[in-house]
Amino acid sequence: MARHVVAQVGEIAPGTCKAVTVAGRDIGVFNVNGEHYALINRCPHEGAPLCWGQITGRFESDRPGEYRLTHVGEMLRCPWHGWEFDIKTGQSWCHPESVKARTYPVTIVPGEALAKGPYVAETVPVTIEQDYVVVEF
Amino acid sequence: MNVAVTDRQPDTAAQSNLGFVDCDVHPFVKSPADFDPFLSQRWRDLRASIGARSRTTFAGAPNYPRMSPGVGQRMDSWPEGGGMPGSDLKMMREQLLDKFGVAYGMMMPLVGSGLGERNVEFGAAMCTAANDWQAQVWCDAEPRLKASVQVNTEYVEAAVKEIEKRAGDRRFAQVMIPPRGLEPLGRRRYWPILEACAANGFPIALHLGGASGHPSTGGGWPSFYHEEHPSYPQSKEALVTSLVIEGVFEHIPNLKVALVEGGFAWLPSLTWRLDKQYKRLRNEVPHLKKLPSEYIRDHIWVTTQPIEEPEQPEDLLTTMEWIGWDRIMFSTDYPHWDQDDPRYAIKVPIPAAEKQMLFRDNAMSFYGLT
Amino acid sequence: MTIPGPGAIDVDIHPALPGTHVLLPYMDDYWRAHLKMRGLERDNYNAAAFPPNAAINCRPDWRPAKGFPGSDFDTLKAQALDAFQPRYAICNVLHGGPAIFSEDLSAAFCRAINDWVAHEWLDRDSRLRASIVVPQHSPELAAAEIKRCAADPRFVQVLLWEMAEIPLGRRMNWPIYRAADAHDLPIGVHAGSSYRHPPTNLGWPSYYLEDYVSWSTGFAGVLNSLISEGVFTEFPRLKVVLLESGVTWLPAWMWRANKTWRGVRAEVPWLDKSPADYAREHVRLSIQPFDGPPDHAKLLKIIEEIGCEDMLMFSTDYPHWHFDGNDAIPDGLPDALVRKILSENALKTYSRLS
C-alpha cells in the first residue's frame, strides 16, 4: 500500500474529474461537491475510460410520470454504454451488489506533511504551502 | 441475477495478430457541405434550401432522442479540433484502426440522407455523392477502410446503375441498403436491385435503420428510446422473414446478406419458428424449394454488435454454436454509444479457431478480401 | 409428449362466432335495429388476422364439415374438452369486434360477444371459462365492460389484441389495467393484429406466413411497451398472459432488453429491476405454439435460459394446428416443470380459478 499524490486541492473543480496514471493504474479523481473520490478509470462492463463520462445526479421516480433528481453531482454515466455509477461507492445503479467500479481511498494532506513522507508524487510537484489530494493503494 | 463484467486485463494483441475485420464503422462528414464537390449545382442548391426530406417527425433529430449528445455518440470520440465523432481519420485510427490492429473496416455511412430521401432523384444524387465521398475522402486516405455502395431503393433504375458503376472498384466491398424502406425488402419491386448486387459480386449489408414511416412495432409508435433500441432485432427478424419467404434466395442463388447492428441471439428461435410455420403454410409459398432454415444457413450472415449479454455469459457461445460460427462476424459500430470493444464484448473465452473465424476469416471470405 | 392425464388447465381455446347474426339476440333494441338497418349481421367481422381456412388455423382432424372451426359447441366439447379432459379451458374469442373503428359500435359488439359466450358456451359446460373482450381502442368503454362482466366469476381474464392502434403500455390504455386490477383479472394478450399498422416495421409483407411469423416479434414490442411505460410499477399485482406468442424467443429478448435497460433506464426511471425480472414476475406464456428447436438439449437450454418455472402455461390453442394427436407438450421437460405448466402456474395466475 502506497500513498500517491494525484492533485493539488483546488485543482479539480467541483463537478469535474482528473484522469491520472499512477503506478501503472488509470484512475479518475473526482470532486463531488467539495469532497474528493477516486475510481478506476475503466468501466467494469467493456473497459471504457470512465473519466469521459458525464457527472450527473440520480434520475429517480416513484411512479410513471413522476420524476426526481437527487444526489446531484454524485453519479457518473459511463461514456459508452451509459451504465451509471455512484462516484462515492463505485456501485452501479442497475446491479449495485454485483457490478462496481473499483474505488480508492482518498485523503487530503497538507504539503508540510507530505514533505515528511512516505508519499509518492509522480506527477504533481509538492510545496509545503499547498494541500494535496492523495490516493492510496 | 448475474451480470458479466470485465475483470480481465486488455488483450489487444490477440486481435492485432488476427488482423481483425470490423464489419461496422461509421465515418461522418466534417460539414454537410463536404458532399458539395460531388453534387451538381441543382442538388447543391436543393441541399442548401429545402434539404433532406424523409419520413420522420423532426427537422434535425431522430424520432427517439438518444441518451448522449450528438445523437448517441461515444462521449470520448469527439475530435479535439471540433466536428462530429467519426469525422476525424486521425482519431479513428487512434481509437479503432491502429488500436485494435484492424485489417479492414467496413464503412457504413449514416450521413448524407440519400438512402431514405423522398425525392428519389435527389436521393440518388446524394447516394452517389456519399459513395464518391467515401472512396475519395476515406478509402484513398486509408486503404484499410472499405466503402459501401449506398442506393435509394425507391429509385430502382438509379440504384442498379450506381451498383454497376461501382462494380470492379475494389474500394467498394458491398451494397448498403436500409432495411426499413417503404416495403419489406424481399418484395418483388426491389429484386432488380438485389439481382444487380449479386450480378456485380457485391454482398448486401443491411444496417439497421431507414425511414419507412411505419411504426417500429406492429402495435404502433412506442414512447421511449428504451423501446426503440430493443426493437432493432425485431426489424432484423422481419427482414430475414421477408427475404426468405418472398423467395429472394430461390430467385438469386448467389446473393449473400449481412445483417448489421441487430445482434444475433434472436436468430435460432426465428429459424425454428419459420421452419415450423412453413410446414403448415407451404401451399401459400410454393416458390420455396427448401426449408427456411436452409436458406438462412446458405445466405445470411450476422454481425455481433450490439452484442447480447446473457445472464449466464456462456449462453452466448451456445447461441453462436446454434447459428454456426462460420456465419458470425464481429463489428464494433464505432463511434456510437452502444459500440462494442473487441477485447471485452464477449465475456467468456472463445476457442482460438472460432476466434479466428469471428474476428477475421468469416468477414475476409464474405467480402472476398485478401 | 401427450398430457399425462385429466385436470390440466387449458388457457387458450377459441370458440368462434358462426356469424354476426348470432349476436343480434344479445344486443339491445337500439343496436339490434342499427345492425339490421346497415345489414351488418350479414357481414363477416371475424379478425382478418386468422383466416379460418388456412391450415395453421385449424388442425385437419378438427376441421368441421361446415361452418367456422370452433363455432360448434358439440364439436369443441368432443375435440378440446373430452379429448384433453382439462379441469378448465379458457375461451378466447378471436373476433374483430374489439377493433371496430367506431368506439360505440365496438363496445356494442363486445358486450354482445361476452353475453353470447356466457350463454352459449359457459352455461353449457362447467369446465369452460372465458376472457372478456373489450373495445380496445376505447379504454374507458373497455373498463366499463370489464366491470360489467366481472360480476360473473366465470370471466377470468381481459383479452387484448397484441397489435392495435397504440402500444399496449401507453398511459391512455391504463383504464383497462386499472379495471382489470380492481377485479383480479389478468390481461391476456393474444397474437394477431387489427392491422392499424403493418405487422412489421418494414411495412406490409406479402404472405400470411410472414404475418404469422411476425406475431412473435410483436410480442417483444408488447413487453417493451408494458415494461417501459411502467404498467407493472403502477399495477404491481397485474399479470399479463401472452397467448399464442411462441416461447423460444424469450431468452434473446431478455438479454437484449436488459442490455438496453442498463444504459437507457434513466429515460424510464420508475423501473427498479431489469426487464427480464419484470417479465418473470408479471408475464406468463401459453405453450402453443412453442417454436421449439429440433432437439431436446436445445429445448432444455432455452428453458434454463428463461430462468423461471412459473411462466409457462398449458394450452392446446384449439382449433389451431400446432401439434398432432394429444402431443400437446414439448418432449423432454422435467416432471416438476410439466406439473407447473399443466395447472399450477395457471392457478397462481388466474385467481378466479382457485
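Two strands pair if DSSP finds at least two bridges between them. I wrote that down before opening the predicted model, where local features need pLDDT of at least 70, side-chain atom pairs count only at pLDDT 80 or more, and totals for chains, interfaces and linings use all residues. Residues are numbered from 1 along each chain as its sequence is written, while chains are lettered from A and ligands numbered from 1 in the order in which they are written. I also noted that helices (H or I, at least four residues) and strands (E, at least two) are DSSP runs, numbered from the N terminus.

**Entry 1: the sheet in chain A**

I looked up a sheet in chain A. Four strands make an open sheet there, in the order S2-S3-S4-S8, with antiparallel pairing. Which strands stand at the edges? They are S2 (17–22) and S8 (103–104) of chain A; each has a single partner strand, so one side of each has no neighbour in the sheet.

I took the pair S2(A) and S3(A) next. Six bridges join these antiparallel strands. A:Cys17 stands opposite A:Phe30 in S3(A). A:Thr21 has A:Asp26 as its bridge partner in S3(A). The hairpin of S2(A) and S3(A) has two residues between the strands, and A:Ala23 takes a positive phi near 50 degrees in this hairpin.

Then I followed S3 (residues 25–32) to S4 (residues 35–40), both of chain A. They run antiparallel and are joined by six bridges. I found A:Ile40 in S4(A) as the bridge partner of A:Ile27. A:Val29 stands opposite A:Ala38 in S4(A). The hairpin of S3(A) and S4(A) has two residues between the strands, and A:Asn33 takes a positive phi near 50 degrees there.

Is S3(A) mostly covered or uncovered? Mostly covered: six of its eight residues are buried. For burial I used C-beta atoms placed from the backbone: a residue is buried if 20 or more other C-beta atoms lie within 10 Å of its own, exposed if 12 or fewer, and partly exposed in between.

**Entry 2: two helices in chain B**

I turned to helix H5 (residues 120–139) and helix H6 (residues 156–166) of chain B. They pack at an angle of about 15 degrees, with their axes 10 Å apart. Axes are lines fitted to C-alpha atoms, for helices over the stretch in contact, and angles run from 0 to 180 degrees between N-to-C directions. H5(B) and H6(B) are therefore roughly parallel to each other. The label covers angles under 35 degrees; over 145 is roughly antiparallel, 65 to 115 roughly perpendicular, and the rest oblique.

Which residues make the contact? H5(B) gives B:Ala124, B:Cys127, B:Thr128 and B:Asn131, and H6(B) gives B:Ala158, B:Glu162 and B:Arg166. I sorted them by class and got three nonpolar, two polar and two charged residues. Ala, Val, Leu, Ile, Met, Phe, Trp, Tyr, Cys and Pro count as nonpolar, Asp, Glu, Lys and Arg as charged, and the others, Gly among them, as polar. Two residues are in contact if their C-beta atoms, placed from the backbone, lie within 7 Å.

**Entry 3: one residue in chain B**

I checked B:Phe20, which lies in strand S1 (residues 20–25) of chain B. B:Phe20 counts as buried because it has 23 C-beta neighbours inside 10 Å. Its C-alpha atom is separated by 9.7 Å from that of B:Ser331, 311 residues apart along the chain.

**Entry 4: where chains touch**

I looked up chain B against chain C. The contact takes 60 residues from chain B and 66 residues from chain C. On the chain B side, H11(B) gives the most, with ten residues. That side divides into 26 nonpolar, 19 polar and 15 charged residues.

Chain C also meets chain A. Twelve residues of chain C are in contact with ten residues of chain A. H8(C) supplies the largest share of the chain C side, four residues. By class, that side has five nonpolar, three polar and four charged residues.

**Entry 5: a covered helix in chain C**

I ended with helix H9 (residues 275–282) of chain C. Six of its eight residues are buried, so H9(C) is largely enclosed by the rest of the structure. Among the buried ones are C:Pro275, C:Tyr278 and C:His282. The cover for the buried residues of H9(C) includes helix H6 (208–228) and strand S7 (283–286) of chain C.
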